[in-house]
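This report covers model confidence, helix packing, aromatic pairs and one backbone angle. Please view the structure below before reading on.

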Amino acid sequence: MPDRLFSRAVNNRSNSARRVTALVIAVALALGAARVSAATDARELKAREDFAAGRFQDALDIFARLYAESLHPIYLRNIGRCYQKLGQPDRAIDSFKDYLQKAKGITADEKQEIDGYIKEMQDLKREQAAAAKPAAAPPPLPAAPEPAPAASGAPAVVVATPPAEAPPEAAPIYKKWWFWTLIGGAAIAAGVGIAAATGVFTKTQNAPCPPGTMCP
């Protein structure tokens with residue numbers, strides 16, 4: 001009987017020691033987890049402050065490190081929000097889609113919210129693509145008339161058109177050959193008449209009587 005009591009006491013002490021050891025280990029793990037959680041919360045708080053202040057790139061860097069360390073899907077959502085604010089639609093869409101695939105227990109309202117973010121980024125992507133296209137070239141203007149050649153230093157050669165020849169004027173009557181022929185003939189006739197009147201051309205029978213004769 002005493003041996004059984006002793007054995008029970010030993011077993012009870014052993015069980016108590018095990019419980020104490022397990023409790024110590026649990027407390028140690030809890031303290032370690034608390035320390036890690038505190039460190040993580042401090043960085044996450046800093047990321048949230050950066051996001052609220054508009055320092056989206058700083059917030060993105062912190063959330064990316066936190067996701068790399070923990071692989072917690074919630075950081076994918078935060079990363080997507082940072083890319084959204086930075087105007088990078090492709091990366092934002094990828095982060096939001098990864099969050100929807102990896103997160104557990106997403107409510108219908110939250111999914112609707114994330115889908116709205118994705119649509120907003122798709123619209124932004126189309127706007128950026130449209131803005132990147134070159135503007136349509138305006139229609140070509142009609143060709144301007146060619147300017148007249150500039151005057152050179154050499155004098156211009158003017159070709160005068162010769163005037164049309166005037167018809168020959170009729171020669172005055174005194175230049176006609178027949179006019180002077182008539183004049184000449186008239187003069188001769190006048191001379192003959194004068195000579196006849198003066199007896200220059202008196203016939204022989206009318207000649208003065210020779211001396212010593214009596215003329216009738």
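## Confidence

pLDDT is the predictor's confidence in each residue, on a scale from 0 to 100. The model described here is predicted. Its chain has a mean pLDDT of 72, and 45% of the residues reach 70 or more.

Over residues 23–36 the pLDDT stays under 50, and the model has 0 contacts beyond four places in sequence for this stretch. Residues 212–216 also have a pLDDT below 50, but that stretch has 4 contacts in the model beyond near neighbours in sequence. Where pLDDT is low, the predicted coordinates should not be read in detail.

## Helix α4

Helix α4 runs over residues 89–102.

Which residues of α4 are buried? They are Pro89, Ala92, Ile93, Ser95, Phe96 and Tyr99. Viewed down the axis of α4, the buried residues fall within an arc of 165°, and therefore they line one face of the helix. An α-helix has 3.6 residues a turn, so residues three or four places apart point the same way. The buried residues of α4 pack against α3 and against α5, which covers 108–132.

## Aromatic pairs

How many aromatic pairs does the structure hold? There are 3. One of them joins Phe51 and Phe56 in an edge-to-face arrangement, with 5.3 Å centre to centre and 70° between the planes. Phe51 is partly exposed, at a relative accessible area of 22%; the cut-off for buried is under 20%.

Phe63 and Tyr75 form another aromatic pair, which is tilted: the distance is 6.4 Å centre to centre, with 35° between the planes. Phe63 lies in helix α2 (residues 56–70) and Tyr75 lies in helix α3 (residues 74–85), so this pair ties together parts that are 12 residues apart in sequence. Phe63 and Tyr75 are both buried.

## The loop between α2 and α3

Leu71 is placed in the loop between α2 and α3. Its phi is near 60°, a positive value in a residue other than glycine.

Is Leu71 buried or exposed? Leu71 has a relative accessible area of 56% and counts as exposed, because the cut-off for exposed is over 50%.

How values were computed. Residues are numbered from 1 along each chain as its sequence is written. This is a predicted model: local features need pLDDT of at least 70, side-chain atom pairs count only at pLDDT 80 or more; totals for chains, interfaces and linings use all residues. Side-chain values use heavy atoms; hydrogens and water are left out. Rings of Phe, Tyr and Trp (its six-membered ring) pair if their centres lie within 6.5 Å; planes under 30 degrees apart count as stacked, over 60 as edge-to-face and the rest as tilted. Buried means under 20% relative accessible area, exposed over 50%, partly exposed in between (1.4 Å probe, protein chains only). Helices (H or I, at least four residues) and strands (E, at least two) are DSSP runs, numbered from the N terminus. The expected span of a helix is 1.5 Å times one less than its number of residues. The arc is that of the directions from the helix axis to the C-beta atoms. Contact means heavy atoms within 4.5 Å.
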